[in-house]
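Reader: I have just opened this one and would like to go through it slowly with you. Could you take my questions as they come?

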Amino acid sequence: MIRPGWLARVGIDDPAAARTKTAVLRSFLLALIAVEAWERSVRLGGVAGTGLAVALAGVATIAAAMVWRPGLGLVATGLTAAVVAIDFASQFPANPNHQYFQLVLLALLILLREDRDEEVVWLTAALRWLLVGGLFHAGLQKLLYGHYFDGEFLAYTITQNDRFAMVLEPLMPAAEFERLRSLGIREGAGPFRVDSLAFAVFSNLAYLAELVLPAMLLLPGMRRLAVACTLAYFVAIEAAARELFFGGIMAALALSFGPPAWLSRARPWGFAGLGVLLATSFGLLPRWFFS
């Protein structure tokens, strides 16, 4: 079994708990990838999609159904990994960032076996480390680039993205908001700054949360609070970014820090959310941006 050390700092599951968490995460991840594949197919070629996109979505759907049959989880995961890899190659270099993350998750689910006690315990620990590392890396990059200290990045985003503009508008005077929205991206445009304390605080919280939350997740006494704060943080991000496939994966990984019941109880809600996104993709519900 895993001995005390850096890997164990994210918490160690007993094998039974690890298997339950792995089964829930696997089924949700494969379903999410299948829904995302259909969304992309419709977006690229209408309801009929394109040949390759439809074929990939079909295989991903078969894999998402296969995962529920005992003994077929590994095969289903391998099929899904092939779908993501082919889709990745067909889009490169214009891939969504979270496809890299999906490939790493799928690789771990293939390489570490659920029927081996030590490996399945390593698996859930490794999955949790991906969340910790991903959050910290995102915060570190924001810190190093330095465009969040005075809010320059978010001010620039307001000029380019209606979703971010809608969320950030209440944090600044109306005149400042209108000035930013009127700016075009051309030589001499700007300044991309906002004279608002609330806006500056919000901008700095963006990277501070990504640096502090990983540390909290490593502390057993703060882990429950850290999970709640991490989920709240991703809700806040997705209110503007609307990258719900990425957000769904990260939320599932955050819940893996708790007991298996957290993931098991959340799975029906996750599937319901994926159903809404699928229905929206096919025009059965009003269209809105979520990917």
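Reader: Is Leu197 buried or exposed?
Author: Leu197 counts as exposed because its relative accessibility is 71%, where exposed means over 50% relative accessible area, buried under 20% and partly exposed in between, with a 1.4 Å probe and protein chains only. Please keep in mind that this is a predicted model, in which local features need pLDDT of at least 70, side-chain atom pairs count only at pLDDT 80 or more, and totals for chains, interfaces and linings use all residues. Residues are numbered from 1 along each chain as its sequence is written, and side-chain values use heavy atoms, with hydrogens and water left out.

Reader: Changing topic, what are the domains?
Author: The domain assignment, which is automatic or from a database, gives domain 1 as 15-115 + 259-291 and domain 2 as 116-258. Their centres, taken over C-alpha atoms, are separated by 24 Å.

Reader: How many residues are in contact between them, then?
Author: In domain 1, 35 residues are in contact with 30 residues of domain 2. Of the area that domain 1 buries against domain 2, Phe101, Arg113 and Trp262 supply 22%, more than any other three residues; buried area here is the accessible area (1.4 Å probe) that two parts lose on being put together, summed over both.

Reader: What does Arg113 form with Glu119?
Author: Arg113 and Glu119 form a salt bridge, with the closest N and O atoms 2.5 Å apart; the term asks for a side-chain nitrogen of Lys or Arg within 4 Å of a carboxyl oxygen of Asp or Glu.

Reader: Which residues does a cis peptide bond join?
Author: A cis peptide bond joins Phe92 and Pro93, with omega about 5°, and Pro93 has its place in the loop between helix H3 (73-91) and helix H4 (98-111).

Notes. Contact means heavy atoms within 4.5 Å. Helices (H or I, at least four residues) and strands (E, at least two) are DSSP runs, numbered from the N terminus.
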